[in-house]
Amino acid sequence: MVPAPTLQSRLVSILPQGLDVIVYHLSSSPASTSALFAPLPGQDEEPTICESHFLAISSPERSGLKEILVFAIEILIFATPNLTTVFVCKADSSGFSSRLNASQGRPSVVAAVTSAFLDFLLEPRLNHSRVILSLFARSQNQYLFPGSIENPGKHVLDDRQLIKWWCRVLDKVLRLHSDTSDPPFSSSAHLLVPGCDKGETKTFFPPSSRQDSPSDPKWINSYPVELLVTDVADTPRHLVPRFPDDPKSRFLDDLDGDFIDNQGHWRSVKSLDQFWEMMSYRQECSAGRLVGFLWLVFSQGQTSHTKRSELDQFARGEPLERLREQASLPTPGNSQAQENGHAGFGQQTPSDLSMIRELNSPPPSSPLEVPHDEGPSTESADGNVNDGCASASLAGLTDEDVLQAHARRFNETLGELVLSTTQYQTLMDHLLQTDFAGEEKAAEATKSWIQKALALTGKAVFGLPVRGEHVLSGSEGAERTDLQRINVLTGVRKKRKADDTDERPANSQGTERTSNATVNTLSAGLVRKKPKG
């Protein structure tokens, strides 16, 4: 089997030709965490593990300019026996994107990097029966770079623009894995904007959605609850996932704090529809503000999405056993990881096996607060452990242990630096304590963050230089021309003064003058003129 493309090679292929950046990818080792969905009364939480990924790109030092972080994105990956959820936690720019010297008219570098990184993490996991890519789009001045809002080069999108931007970015990922029948595969995108009706929500869909068949749309205005949970008849408390720093999670916590009876019912919200309706009255989703909740659903082995209840019934008793078998098998990812110095689970080290046997501590309340897993070792004491030892060790593992083993099958997506969850959180806290207001402070903050990463891991080098090789194609240029034409046609035009009517040329609007080749002009017979008084 041909190894999957590395992150570095993916970025080389999508970044504009001649564009130089430095890429910083780090991840945390998988650790047990609280379940995304609240368990039913009297039942245990579903075994869940989480790993964090952080990607930052910088403009390298050149011509007297110091290196500065330009863009960063944080992603959490949650895994259960039957569901893998990739959650986009935060994304932010520092206001120095102009230093990338990308040519005018080219597709957004930030959008290209975001979609490439998401697909890099998704692709090896799509052999799971159900994979979800989830995020919420909420406009905010700054997420990851403190003080960056003061930089003139930072352009913060409003709520509507941000939702549309994310829809376009995720659509690229969606189209890379379209429906197929051989092998069977199904994918779809779902958007919910509390406070917006179906018609208004559709205006956020990407332009490509207009080409989809009405009988089989790829973009749907809905919350895909039947694809995420086993029993949609449960109370709404058990039907909505709880992600870190998520508006709907805060609402869930407020409802829990108000009242919960012994059956898991709230006092005020009685149904899932009512939950989403009440979300539109929350401070984060009202007073003119909008939050978009997006889900991409990928189903391997299915020509159309199978309901989670049917999926679980079909796989009941099999997932963990299948993972136990898979965990001890060599994979291209394991082989590639071993070449890079990471130990795969097919050839476990004594420290790996010891670590797995010690994973019986209670799960934490946050995916970023788990101190017990210090990450994979790079080599064993004797250099190797035979497969018989590995298989014997797997026989007595708990469900969480097997999920840990399963997570290690994706070593090809490990970061350049792999930190423990404690180290990872320390590094993220350090970033949030820096100051990116102004070029000099941003350069100092960048250097400080890199040095902190090296100090935590004991490594000497961090960061991969990447030079783009992508040449803009005619279709990409045409796509941007189409977007410009749409902007002209839907733009708001000011009413001209009466005494200017005969003095200004018809194409005096700046946008129209540059778009004569693309603007469709109505014939004289279709134009109604105002009679002169």
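# Reading a fold, feature by feature

Trainee: What covers the buried residues of helix 1?

Mentor: The cover includes strand 1 (20-28), strand 3 (49-59), helix 2 and strand 12 (464-467). Keep in mind throughout that this is a predicted model.

Trainee: Which residues of helix 1 are the buried ones?

Mentor: Helix 1 spans residues 7-14, and Leu 7, Arg 10, Leu 11 and Val 12 are buried there. An α-helix has 3.6 residues a turn, so residues three or four places apart point the same way.

Trainee: How many helices and strands does the protein have?

Mentor: There are 17 helices and 12 strands. Of the 533 residues in the protein, 50% count as buried.

Trainee: What share of the contacts comes from residues 24 or more positions apart?

Mentor: Begin with the contacts whose separation is 6 or more; residues 24 or more positions apart account for 77% of them. Leu 7 is one of the buried residues of helix 1. Glu 412 sits in the loop between helix 13 (399-407) and strand 11 (417-419).

Trainee: Is Glu 412 buried or exposed?

Mentor: The cut-off for buried is under 20% relative accessible area. Glu 412 has 18%, so it is buried.

Trainee: Where does Pro 39 lie, and which residues does Pro 39 touch?

Mentor: Pro 39 is in the loop between strand 2 (31-32) and strand 3. Not counting residues up to four places away in sequence, Pro 39 touches Asp 44, Glu 45, Arg 237 and His 238. Gly 264 is 225 residues from Pro 39 along the chain, and their C-alpha atoms are separated by 9.2 Å. With a relative accessible area of 26%, Pro 39 is partly exposed.

Trainee: How do I read the nonpolar cores? Which residues have the most contacts inside the largest one?

Mentor: Such a core is a set of buried residues of nonpolar kinds, joined through their side-chain atoms. The largest has 54 residues, and those with the most contacts inside it are Ile 75, Leu 133, Trp 166 and Phe 298. Helix 2 (residues 109-122) gives the largest share of this core, 10 residues. Apart from this core lies another, of 33 residues, including Leu 76, Phe 78, Ile 132 and Leu 227.

Trainee: Which residues are in contact with Thr 84?

Mentor: Thr 84 lies in strand 5 (residues 84-93). Leaving aside neighbours within four places in sequence, its contacts are Ile 77, Phe 78, Arg 125, His 128, Arg 130, Val 131 and Ile 132. Phe 78 and Ile 132 are among the residues of the core of 33. Thr 84 counts as buried, at 5% relative accessibility.

Trainee: Now helix pairs. At what angle do helix 14 and helix 15 pack?

Mentor: Angles over 145 degrees count as roughly antiparallel. Helix 14 (residues 421-432) and helix 15 (residues 439-457) pack at about 165°, with their axes 10 Å apart. Helix 14 is therefore roughly antiparallel to helix 15. The crossing of the two is right-handed. In helix 14, Gln 423, Thr 426, Leu 427, Met 428, His 430 and Leu 431 meet Ser 448, Trp 449, Lys 452, Ala 453 and Leu 456 of helix 15. By class, the contact has 6 nonpolar, 4 polar and 1 charged residues.

Trainee: At what angle do helix 6 and helix 7 pack?

Mentor: For this pair, helix 6 (residues 247-258) and helix 7 (residues 272-279), the angle is about 110° and the axes are 11 Å apart. That makes helix 6 roughly perpendicular to helix 7. The crossing is right-handed. Pro 247, Lys 248, Phe 251, Leu 252 and Leu 255 of helix 6 meet Phe 275, Trp 276, Met 278 and Met 279 of helix 7. The residues of this contact divide into 8 nonpolar, no polar and 1 charged.

Trainee: What is the phi of Ser 63?

Mentor: Most residues other than glycine have a negative phi. Ser 63 has a positive phi of about 50° although it is not a glycine. Ser 63 is placed in the loop between strand 3 and strand 4 (68-79), and is exposed, with a relative accessible area of 76%. Asp 245 also has a positive phi, near 50°. Asp 245 lies in the loop between helix 5 (225-228) and helix 6; its relative accessible area of 33% makes it partly exposed.

Terms used: Residues are numbered from 1 along each chain as its sequence is written. This is a predicted model: local features need pLDDT of at least 70, side-chain atom pairs count only at pLDDT 80 or more; totals for chains, interfaces and linings use all residues. Side-chain values use heavy atoms; hydrogens and water are left out. A nonpolar core is a set of buried Ala, Val, Leu, Ile, Met, Phe, Trp, Tyr and Cys residues joined through side-chain atoms within 4.5 Å. Buried means under 20% relative accessible area, exposed over 50%, partly exposed in between (1.4 Å probe, protein chains only). Helices (H or I, at least four residues) and strands (E, at least two) are DSSP runs, numbered from the N terminus. Contact means heavy atoms within 4.5 Å. Axes are lines fitted to C-alpha atoms, for helices over the stretch in contact, and angles run from 0 to 180 degrees between N-to-C directions. Angles under 35 degrees count as roughly parallel, over 145 as roughly antiparallel, 65 to 115 as roughly perpendicular and the rest as oblique. A crossing is left-handed if the near helix is turned anticlockwise from the far one by less than a right angle, and right-handed if clockwise. Ala, Val, Leu, Ile, Met, Phe, Trp, Tyr, Cys and Pro count as nonpolar, Asp, Glu, Lys and Arg as charged, and the others, Gly among them, as polar.
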